[in-house]
Amino acid sequence: MGERSDRERRKHEHIAAVNALADQGASGFEDVTLLPESASEIDVDGISLTTELLGCEINSPVLVNAMTGGTDESRRINGLLAEFAARHGLAMAVGSQTAALKDPSVVDTYTIVREKNPSGVIIANVGMGADVKAAQTAVDLIDADMLQVHWNTAQELFMAEGDRHFRGMLDGLKQVANSIHVPTIAKEVGQGMTGPAALRFVECGVHAVDIGGAGGTSFIAIESWRRGMDIERDWQTWGIPTASSLGEVCDSVGSLAEIVASGGIRNGHDVAKALAMGATAVGIAGSIMRLATQEEPERRLDSWLENVHWTLKTIMVLTGARTVNELRERPVMISGPTRNWLDARGHEEYRLVLARRGIER
Ligand SMILES: Cc1cc2nc3c(=O)[nH]c(=O)nc-3n(C[C@H](O)[C@H](O)[C@H](O)COP(=O)(O)O)c2cc1C
């Protein structure tokens, strides 16, 4: 019972913290410019946002990223988010299922997602220490189409009750990725993945990586807030800004795995830029949680998504892209600190390929 009430408090505080705190740092997308195509001849109703993630068709590249489960409050939020995902044909991940694996009395706080969205694309979520049995159980519980394994070392270290042992985690991931019956996504949670780290995950057999860059929700800030501590200035800017991480990871593993861009993605411009840089889909968490916990959440979520999609479609008309795949081929200029980052890290060629798309030679 003590464990359950500790968990209830922790999950509640995570949600309260997201509402109390602003996004941390900058995602870096201000350095990324999509080039308008003046000669575009595309009709608005000729645009399609339908795309695929790991072989599953989705109506939009926007994915409701992992957030919650394990408490009464999370059951309500998961139900609400599952209905939102079902209304719009979005993929949705549940929050960490560790609670359900330990305590059968909270299983329904996750299964509600499948109940509310019987034929949608649903993603299971376990922590980096999960073994094959736990991972398969998490998938089976919600009849998931794919599995996220989250890599939240920074959060664990800032959590008073967090884990301090990380040895052997990659071996565990390898076993999970090679044994379970659905594709696996290795997921960073807010400090951004480097290209070499993404490659190590891919070498373990995962089919996709979620880069979880800096510039949005920060679990360093959330865990510090929970402990009543001010976050030190240097921790506020800790991590790889999402745009830099995305560039590194696309160049390093883009031909080997699918890439979910996430971390501070907040509007249709960010979504379009991430796709044009090479992402398959775009995960959003913090903005969605803030809307889901206000009055009239359904209306707020629907009008927020409508706005994101309006911007994305408008950008597609203006850049001459009918489909998400065509947007992935449109020219992109990367300047400022993100350019410096990518060039210094050996990704100048990738940056130039993006810039020179569409130039006849
Ligand atoms: C309230 C809250 C709870 C979260 N819980 C989980 C979780 O259980 N598992 C996980 O992989 N990520 C979790 N995340 C991280 C998000 O999936 C995402 O990676 C991160 O918030 C960055 O995206 P954002 O900047 O759009 O919020 C959580 C995020 C929020 C806001």
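This is a short tour of a predicted model, stop by stop. Residues are numbered from 1 along each chain, as its sequence is written. In this predicted model, local features need pLDDT of at least 70 and side-chain atom pairs count only at pLDDT 80 or more, while totals for chains, interfaces and linings use all residues.

Helices here are DSSP runs of H or I with at least four residues; strands are runs of E with at least two.

**Helix 17.** Go to residues 348-355. Which residues of helix 17 are buried? Select Y350, R351 and L354. Buried means 20 or more other C-beta atoms within 10 Å of a residue's own; exposed means 12 or fewer, with C-beta atoms placed from the backbone. The three cover an arc of only 100° around the axis (taken from the directions from the helix axis to the C-beta atoms), so they sit on the same side of helix 17. Turn to the face away from the buried side: E349 and L352 are exposed there. The cover over the buried residues includes helix 11 (242-253), helix 12 (268-277), strand 12 (332-334) and helix 16 (336-344).

**Core.** Finish at V209, one of the residues with the most contacts inside the largest nonpolar core, which has 108 residues. Such a core joins buried Ala, Val, Leu, Ile, Met, Phe, Trp, Tyr and Cys residues through C-beta atoms within 7 Å.

Definitions and conventions:
Contact = placed C-beta atoms within 7 Å.
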